[in-house]
Structure formats: C-alpha cells, structure tokens
Amino acid sequence: MNYTEVMVRYGELSTKGKNRKDFINRLSNNIQKVLYDFPDLEFHPRHDRMHIVLHGTPFEEVDERLSKVFGIQTYSPVVKCERTLEKIEETALEVMKATFKTGMTFKVNCRRSDHKFTYDTNEINQKVAAYLYENMDNLKAEMKHPDLVLRIEVRLDAIYISSVLIKGAGGMPVGTAGKAVMMLSGGIDSPVASYLALKRGIDIEMVHFFSPPYTSDKALSKAKELAGILANYSGKINFIAVPFSEIQETIKEKLPEGYLMTIQRRFMLHLADKVREKRGGLAIINGESVGQVASQTLESMVAINDVTATPVLRPVVTMDKTEIIDLAQKIGTFDLSIKPFEDCCTIFAPQRPKTKPHLDKARKYEAELDIDGLIDRAMAGIQVTPILPDQKFLQNKSAEDAELL
C-alpha cells in the first residue's frame, strides 16, 4: 500500500493546558531526531495531531522508529485524497483492498472537523459502505467490535483515510521533564531504569565508570552500544565515560575490605553529581532495586546517598529481577546486557561486603583519602561521545568522535 502520510496522535499532551504547544514542539523535534536519516520526510505538527508526509518513503521503515518515540498515543498510515465523494470512495476501496482479509468484519467511521462539508458524518459512512459492498465480496459489517475500522477524517485541507491504528509508546516527550544524568553500568537494571526515565520525559546523559586496564575496551563498547539501543527512544544520547581506576586502586590499598564497595559507590555518586552540575542536570538516576545486591540495602543507600543533596531517582527500586528482565527483553537491551564483559563494579568486588554499613564509618574511611584530588583527576579524564540510535561499537574498531568534558 502506498501511504502518503503518517498521522500521529498525542497522548498525555492533551492535559498540558498552556504548555501544550511546548510539549508538541518537543515531540516534533524528538520524532525528527529519531528519523534523522530519512531526508524525504516532511513534518507538520498541529495542535491536535502531527502529519509526517512520506514522499515515497515506505511506511514500514518509519513505523519501526516511530513506535519507540515517547509522547505518542496512537498513529496511523493514511492516504490523503481530494475533498470529493468520488475520491473518498475510490481511496476507501483502495485502502480496504490492501488491508481487508477474508472473514474480517468492518465498519466505516467518519469524523469531520469541517462541518460545512457537503455530506455529514452519517451520509459519508453510508455512501462509502455502500460503495465498498458494490465493489468487494465477502464483506460483513459489525458496529460494536469490528476487526477493521475504516477511518475517514474530513478536514479543511483534505480527506485522510486509514484502516490501521497503531498504539504508540505513550509517556511524555523526552526533554519535557528536565535533564538528568544516568549512572549506566553494563548490566540489566540500569538500561531498564533509563528507559523508564525517558518514558516520563527526562532527557538523560549516560555516566559510565570504566577502569582500564582492569576493564576491557569491549566492556566500554558494550555500554556505549546499550546507550545506542536506548537512543531509539530519544534520538541521541551523550555517553560520558569516567575513568575510575585510580580511585578503585586507592580504596583497595588503603581501606578495610568490608567498606570497599560502599566507598567506591560514594565516589561514583560524587562524580555523577559533579558531571550533573557541569552538564546542567537536575537529578541523578540509577538502576538500584531494594535488596537486590549488597549495595542496594536501605542501609547502604543511606551511607552512599550521604555525599549529595541532589535528588537521586531510582525507577526500578521496587521491581523484582524477573520484572526487570521482562522489560529488558521488551526494549531490546537484555541480550547485550548479559554479555560477559566485566565492568568496574565487579572487578574489585569484595568477598564480604558490608550489607549494613554505618554512615559514620563510611565518612571516616572516606576522609582518610585525598577526595578532592582523586575526583579532580577523574574529571580531567572524562570524555563525551554522542551516541545515535542503534549505533554499534563492539564490531567497530574505528576511532570514535569523543570530546573532553
């Protein structure tokens, strides 16, 4: 079927009152970023829906990207036709023949924003249905629960006809809820937390800690590739790589084993907050789930969170592992997350970490270190890499376009 446009309908945006225009503009920008490599597309955001003119681009290719854009309630591939009954009937027949299958029930559903059009809604429904019966076999109407709904929208500029209604990703357009940094590991949980943050409209930049030579280039590439999968939901994500070797070596050398994990995590949060401040973020997000590992008990969270007054958001905090895995599989990060490349969280993991660390002891041990010097040197080595949707790194050994923070 040669569709001429895609009609995008907004979700929660209908509740945003005076801010509605800003939300629609942000959604439009996000859609254009996700479809950045389709040069023939033309975008027309309007107050109640958005039109994407295809100009010959196959709808199936656009559909794959569009289904992941937050802020869309539903969308449909449509055929635009002239404002005459003859053209409506001819186009309706063309659309029906392309999508109707034997045994289906159907109904015609017309809506008019142009109430001065020659025919009213009921007349259009009846005339189009009669025309379809005359030119197709095995049609059976069903008003309440049809298998196929032929939608006809009568607007001032043209008539739009479709028979496919696709559920969008929902949520809010990325960027409408402010900016935050996401502490992205190479595991299962943090990509899922990233997805949930994006769904609520938070514009995130990924902060990833790596420890060469203890962690491999493949571990870093894996984390970047996870960011590429998540970029399908936002258009582009900045990946901020933070060198962490010196801090881990220093902590291992000078502090008791039981507090290695706690102090490491405190430094990670220190650094994430520094990056957030430098990048203009409002919050820090991570993939912690209560009780899942030793660093995620409430006592550990208190001892670690102590280093910042910045809000730390934990989208998966109450989810169990099975729920997180199910969502990771749905969004496409699971298979990559379980690839066995060690990250900095595992290489220096103590055998007997404190699951209920004392805050005063954590402060005492951390104070024995050159906190400012360690943090300053780590910040000086940070690099930022823009990541595009589905960008590959594990198979690509070419130089990457990174810049200093």
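## Close-up views of the predicted model

**View 1. Asn-29 in helix H1.** With a relative accessibility of 45%, Asn-29 counts as partly exposed, a class that lies between buried (under 20% relative accessible area) and exposed (over 50%), as computed with a 1.4 Å probe on protein chains only. Asn-29 belongs to helix H1, which covers residues 20-34; helices (H or I, at least four residues) and strands (E, at least two) are DSSP runs numbered from the N terminus. From Asn-29 to Ser-211 the separation is 182 residues in sequence and 36 Å in space, taken from C-alpha to C-alpha. The model is predicted, so local features need pLDDT of at least 70 and side-chain atom pairs count only at pLDDT 80 or more, while totals for chains, interfaces and linings use all residues. Residues are numbered from 1 along each chain as its sequence is written, and side-chain values use heavy atoms, with hydrogens and water left out.

View 2. With 47% relative accessibility, His-55 counts as partly exposed.

**View 3. The cis peptide bond between Pro-212 and Pro-213.** The bond that joins these two prolines, Pro-212 and Pro-213, is cis, with omega at about 5 degrees. Pro-213 sits in the loop between strand E10 (203-210) and helix H6.

**View 4. The aromatic pair of Phe-70 and Tyr-233.** Eight aromatic pairs are present in the structure. In this pair, the ring centres of Phe-70 and Tyr-233 are 5.6 Å apart and the ring planes stand at 20 degrees, so the pair is stacked (rings of Phe, Tyr and Trp, the last by its six-membered ring, pair if their centres lie within 6.5 Å, and planes under 30 degrees apart count as stacked, over 60 as edge-to-face and the rest as tilted). The pair links distant parts of the chain, 163 residues apart, with Phe-70 in the loop between helix H2 (59-66) and strand E4 (72-81) and Tyr-233 in the loop between helix H6 (217-230) and strand E11 (237-243). Both Phe-70 and Tyr-233 are buried, and together with Tyr-195 they form one aromatic cluster.

**View 5. The crossing of helices H8 and H13.** The axes of H8 and helix H13 (residues 359-367) come within 10 Å of each other and cross at roughly 75 degrees, axes being lines fitted to C-alpha atoms over the stretch in contact, with angles from 0 to 180 degrees between N-to-C directions. H8 and H13 are therefore roughly perpendicular (65 to 115 degrees). On the H8 side, the contact (heavy atoms within 4.5 Å) is made by Thr-262, Ile-263, Arg-266, Phe-267 and His-270, and on the H13 side by Leu-359, Ala-362, Arg-363, Tyr-365 and Glu-366.

**View 6. The buried residues of helix H14.** Within helix H14 (residues 371-380), the buried residues are Gly-373, Leu-374, Ile-375, Ala-378 and Met-379. These buried residues of H14 pack against strand E11, helix H7 (245-254) and helix H8 (260-279).

How values were computed:
Angles under 35 degrees count as roughly parallel, over 145 as roughly antiparallel, 65 to 115 as roughly perpendicular and the rest as oblique.
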